[in-house]
Amino acid sequence: MKKFLALALSIGLGVMIIVALNANELFPSMGEVDITDRISNSFLNRSVLGRAQDVIFGETEVTEGGPANMITAIVADYRSFDTLGEITVLFVSSLGVALLLGATKQKRLDFNFKPNFMLKVGSRALFAIILMTGIYVTIHGHLTPGGGFPGGAMIASSILLLYLADDTFRAKVKGFKILESVAGSLYVVIGLIGLITADYFLVNFINNGIVGTLFSAGIIPIVYVLIGLKVGSEISGVIDNFLTEEETV
Amino acid sequence: MLQYAAIFMMMLGLYGILTNRNIIKIIISLNILEIGLNIFIISVGYVKDGIAPILTSATPSGSIFVDPLPQALVLTAIVIGVGTTALGLSLAKKMFQKYGTYNLDEMGEQ
């Protein structure tokens with residue numbers, strides 16, 4: 001009976017959503033969006049401040065929204081304050097995990113098997129490759145798909161690999177905590193420098209440079225690398241909290 | 001069509017949350033709901049024959065881009081989803097340490 005009610009509720013809600021969207025004139029069917037009507041058009045043309053210009057890859061020196069990757073331009077430039085709130089959410093959740101699972105004396109969870117020599121050496125080799133890919137994705141966040149959040153998750157997954165393949169490995173959790181707080185504070189400090197020297201909080205106060213080169217887009221690569229470090233160390237701390245337990249005397 | 005699939009996925013997650021009594025399964029259902037919602041938001045910004053909004057040296061001039069704003073919002077949503085999942089799983093681990101079971105019905109019986 002309960003399952004039938006749940007099924008009826010789910011189907012009813014789904015049908016209601018579909019009917020409401022179909023009847024709405026403001027909601028076009030998929031693929032028939034006219035993007036020139038939307039606010040995104042000015043993000044794409046980099047004309048939010050009213051100075052439209054033609055952007056050509058590798059030639060134009062853009063005046064606003066520096067990166068070649070426009071999603072990065074939105075995340076780390078136009079809506080950078082939003083991203084600051086987002087990494088605060090991640091920080092609070094990792095703090096909650098540490099509060100629930102952390103203890104003063106911790107030890108590793110034991111495995112059912114003993115990892116052999118090949119597994120340990122092979123996982124170290126893979127660790128280097130995954131870590132390098134994560135750092136590459138983080139640094140090239142303003143040019144290619146990716147950026148601080150996926151790059152940080154990749155860095156954390158390389159730490160997870162070491163945890164799963166070696167039963168004696170334990171990361172230096174204090175180092176993660178220091179890295180995380182330094183990266184988070186530097187993000188706020190960069191924002192405050194913008195507030196003091198230029199117009200507003202988190203303004204892009206360094207020259208944007210030519211779009212598409214590695215050293216371009218002003219403070220955005222710096223901010224994204226800081227976000228990558230912060231996300232990587234936070235998720236690594238969460239992984240460490242899950243794979244350790246309180247030492248029973 | 002993709003939008004109907006995304007709404008179906010959301011409703012599947014909702015059904016899972018309402019019927020399951022296992023904490024881990026509830027968290028998995030929550031994630032399915034979230035993924036469906038993310039696909040739906042992305043599909044709102046899709047333009048026919050549009051390419052990813054990234055300038056490269058191979059991008060022809062005058063090409064149509066898809067809407068970048070929903071993608072940036074989904075990036076935020078994914079990260080917050082990771083945070084809530086981690087918090088939920090840590091609560092589940094703590095409950096398992098106390099009651100020895102993940103099933104909500106069997107918990108209050110000691």
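Let's start with the contact between the two chains. 51 residues of chain A are in contact with 42 residues of chain B, contact meaning heavy atoms within 4.5 Å. This is a predicted model: local features need pLDDT of at least 70, side-chain atom pairs count only at pLDDT 80 or more, and totals for chains, interfaces and linings use all residues. Residues are numbered from 1 along each chain as its sequence is written, chains are lettered from A and ligands numbered from 1 in the order in which they are written, and side-chain values use heavy atoms, with hydrogens and water left out.

Now the area. About 4,200 Å² is buried between chain A and chain B, and carbon and sulfur atoms give 76% of that. Buried area here is the accessible area (1.4 Å probe) that two parts lose on being put together, summed over both. In chain A, the residues that lose the most area to chain B are A:M30, A:I71 and A:L100, together 15% of what that side buries.

Which elements of chain A give two or more residues to this side? They are α1 (2-23), α2 (40-45), α3 (70-78), α4 (80-101) and α8. Helices are DSSP runs (H or I, at least four residues), numbered from the N terminus. The largest share, 12 residues, comes from α1(A).

Polar links next. Six residue pairs are in polar contact across the interface, both at pLDDT 80 or more. A polar contact is a pair of N or O atoms within 3.5 Å; within protein, one must be able to donate a hydrogen and the other to accept it, and residues adjacent in sequence count only if both atoms are side-chain atoms.

Over to chain B. The buried residues of α2(B) include B:I23, B:I27 and B:F40. Buried means under 20% relative accessible area, with a 1.4 Å probe and protein chains only. Their cover includes α1 of chain A, together with α1 (2-19) and α3 (68-99) of chain B. At the start of α2(B), a side-chain oxygen of B:N22 comes within 3.0 Å of the backbone nitrogen of B:I24.

Last, two residues inside chain A. A:S80 lies in helix α4 and is buried, at 3% relative accessible area. Its side chain joins that of A:Y187 in a polar contact of 3.0 Å. A:D240 sits in helix α8 (residues 220-242). Buried or exposed? A:D240 is buried, at 1%. Among the residues A:D240 touches are A:Y163 and A:R170.

Methods: Buried means under 20% relative accessible area, exposed over 50%, partly exposed in between (1.4 Å probe, protein chains only). Lists of a residue's contacts leave out its neighbours within four places in sequence.
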